[in-house]
Amino acid sequence: MIAVVDYGVGNLFSLVSSLRSLGLETEVTGDAARLRSADRIILPGVGAFGSARARLDASGLIPILLEEAGQKPLLGICLGMQLLFDRSFEYGECPGLGLIPGEVTFLGDDLADKMLKVPHMGWNSLEIVRDDPLFKYFRGGEYVYYVHSFYARGCAESILGTSQYGNVAVTGVVRRGTVWGAQFHPEKSGDAGLRLLRAFAEL
Amino acid sequence: MLAKRIIPCLDVKDGRVVKGTNFEGLRDMADPVEMARFYNEAGADELVFYDITASVEGRGLFTDILRQVASEIFIPLTVGGGIRTLEDFDRVLKCGADKVSVNSGAIANPNIIVAAAKRYGDQCVVLSMDVKRVNGQFRLFAKGGREDTGIDAMDWAERGVKEGAGEIVLNSIDTDGVKNGFDLEMLDALAARVHVPIIASGGAGNMEDFAELFAHPGMDGGLAASIFHSRQVSIRELKRYLRGRGVEMRL
């Protein structure tokens, strides 16, 4: 069973539908026991880092996530991926879960071409930096769907895939041990995204 | 870099897809779920659904369709038509929409943009505008292009973006249904005023029209209905053609 962490952040309709369309048993839950008994965990999230962190704190699930992250595959998506890092600087500094070394900063600060629009929103090609079982059904260069204004930096040793936006190689996929993260939305990335989710379910 | 987007638009009335010329003489075309599947297979980068139903029953039918589409098609979905309140945003977002476009609802109540952007984020709020030249001015029209608001469309766009609209769909009433190309003059005027993605709508007649559109800086997507619905232009062929012309396309 794949547990999608429910901590009151974001709309899970597409994520759950995409997993179910792959025939994967999926449960949206904020229950510690269910997260413990799941085979895999997905940490979703949209919105601002600080408020998501506060909700995660309030849910009481952080100790469970930290514990389970070492036991089974965990995938953070979009803001859920950003939460995996040490800290973010969205509206002031805020600590993350510290599961992957690195920090989350404003993409606009690093773009040399100020005409490039932020949020980085739309289809961008994902280049594979390091091969991984997550890419079992994915070809480097396929397009995935991004919507974000902040991105992970200082995490070179964890990067599996990037997407070029102007002069910036945007951190697209990361991994450390049994923890994976995707900045884009696999559940909105068409067939390519579904294939990434299928590979995650087979990890 | 980001690929340019090709976006088919489905106007839905009483559970069926329709598309008229110059907004009048609506013709029944097809089943929206079937069409969504077809376009997804064909490589559409996003789907736009406009609910042009007036009745409560029609609205319920629309959200059923949306839910059905969103549970089997995993590309961005934008929904518009009859969006006036935060409850309307909520209703369609819960059914799987990713972005919500406001048009007349924002003209009647401009606060909806700020309120929705605060609650759901700028990326979720699309400002859709129907614009027509009146006395040498780009004039904003309401109610599906039937009512001249007297408002300068470019001022309106700038204000909308300031208040949190994360994307603009510009539909030129002057070129809509004419199939003689997008309204590049109007689109350029908009690109000079706002710094959010611009989706061009109204006037696409063939593949060259899209190539011309994307040769203009600041254009992120091209939206069309009848040329895709009638299979006059195939999305797959169009995207191959554009890539051949040096436009970044997701294939």
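Reader: What relative accessible area does Arg34(A) have?
Author: This is a predicted model, in which local features need pLDDT of at least 70 and side-chain atom pairs count only at pLDDT 80 or more, while totals for chains, interfaces and linings use all residues. Residues are numbered from 1 along each chain as its sequence is written, chains are lettered from A and ligands numbered from 1 in the order in which they are written, and side-chain values use heavy atoms, without hydrogens and water. With a 1.4 Å probe and protein chains only, buried means under 20% relative accessible area, exposed over 50% and partly exposed in between. Arg34(A) is partly exposed, its relative accessible area being 33%.

Reader: Which residue forms a salt bridge with Arg34(A)?
Author: A salt bridge here is a side-chain nitrogen of Lys or Arg within 4 Å of a carboxyl oxygen of Asp or Glu. The partner is partly exposed, at 23%, and with the closest N and O atoms 2.8 Å apart, Arg34(A) pairs with Glu27(A).

Reader: How many residues apart in sequence are the parts tied together by Arg5(B) and Glu46(B)?
Author: Arg5(B) is buried at 2%, as is Glu46(B) at 1%. Because Arg5(B) lies in strand E1 and Glu46(B) in the loop between helix H1 and strand E4 of chain B, the separation is 41 residues.

Conventions: Helices (H or I, at least four residues) and strands (E, at least two) are DSSP runs, numbered from the N terminus.
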